[in-house]
Amino acid sequence: EKEDEIGELCASINNMAEELSNAEKVKNDFISSVSHELRTPLTAIRGWGETLMGMGQTPDPDTFQKGMHVIMNETERLSSMVEELLDFSRMQSGRLILQEERLDAVAELSDAVLIFTERARQENKALDYEEPEFFAPMVGDRNRLRQVFVNILDNALKYSDSGDTITVLPRLEGGRFVVTVSD
């Protein structure tokens, strides 16, 4: 009987060790992925910064505007990534606090789509979205919901090709708000 208890204890310890190892792997994979993702905007900012500095006192206005546009967009992407890292850290430590309020999920989705409309145009991609006539009232954290929509749309654009159409289709299904993003 004692051997059975020791066997069960060993199995439990092994399971816990495996779960800890898996959690550590997820954490390391996430950090590695974010580190890799940070390089892209940093490279763009540095490249355009060097280009603009090399233009001297009288830069070409079109090139200057294009460079500043890229720098501002990529800086915004960096800020978002840093926020994601902070959120991840807060979740890991149990310190993430949701700021719940009444909101309309359709309005949040529409705002997120608007953020990416110009980027889609510049990348020769179509963003097909028609704001629905219905509302989707809910109680939730406005910033977290927006972050979900922004991340999904950012990935949709990132992993589609020039000439592609990304369709964002919101609908109500059995009392639930469902959003499909496809290309």
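**Exercise 1. Find the element that holds Leu42, and decide whether Leu42 is buried, partly exposed or exposed.**

Step 1: Look up the place of Leu42, and you land in helix H1. Helices here are DSSP runs of H or I with at least four residues, strands are runs of E with at least two, and both are numbered from the N terminus.

Step 2: Check the accessibility. Leu42 is partly exposed because its relative accessibility is 49%; buried means under 20% relative accessible area, exposed over 50%, and partly exposed in between (1.4 Å probe, protein chains only).

Step 3: Now try a distance. Leu42 and Thr75 sit 33 residues apart along the chain, and their C-alpha atoms are separated by 8.2 Å.

A quick word on the model: it is predicted, so local features need pLDDT of at least 70 and side-chain atom pairs count only at pLDDT 80 or more, while totals for chains, interfaces and linings use all residues. Residues are numbered from 1 along each chain as its sequence is written, and side-chain values use heavy atoms, with hydrogens and water left out.

**Exercise 2. Describe the largest pocket: its space and its lining.**

Step 1: Start with the space, which is about 1100 Å³. A pocket is an open set of points on a 1 Å grid over the protein atoms alone, where a 1.4 Å probe fits, with protein on both sides within 12 Å along at least five of seven lines; lining residues have an atom within 4 Å of a point. Points are joined across faces, edges and corners, and the volume is the space filled by probe spheres set on them.

Step 2: Go to the lining. There are 31 lining residues, and Arg77, Ser80, Phe116, Val150 and Asp154 are the closest to the centre of the largest pocket.

Step 3: Ask which helices take part. H1 (2–54), H2 (61–93), H3 (105–122) and H4 (142–158) each supply at least two lining residues, and H2 has the largest share with 11 residues.

Step 4: Sort the lining by class. You get 8 nonpolar, 9 polar and 14 charged residues.

**Exercise 3. Work out where Tyr129 sits and what it touches.**

Step 1: Tyr129 is in strand E2. With 17% relative accessibility, Tyr129 counts as buried.

Step 2: List its contacts (heavy atoms within 4.5 Å). Leaving aside neighbours within four places in sequence, Tyr129 is in contact with Val106, Leu109, Ser110, Val113, Val168 and Pro170.

Step 3: Follow one of these partners. Leu109 touches Tyr129, Phe149, Val168, Pro170, Phe177 and Val179, again not counting residues up to four places away in sequence.

Step 4: Pro41 is 88 residues from Tyr129 in sequence and 27 Å away in space, C-alpha to C-alpha.

How values were computed
Nonpolar A, V, L, I, M, F, W, Y, C, P; charged D, E, K, R; others polar.
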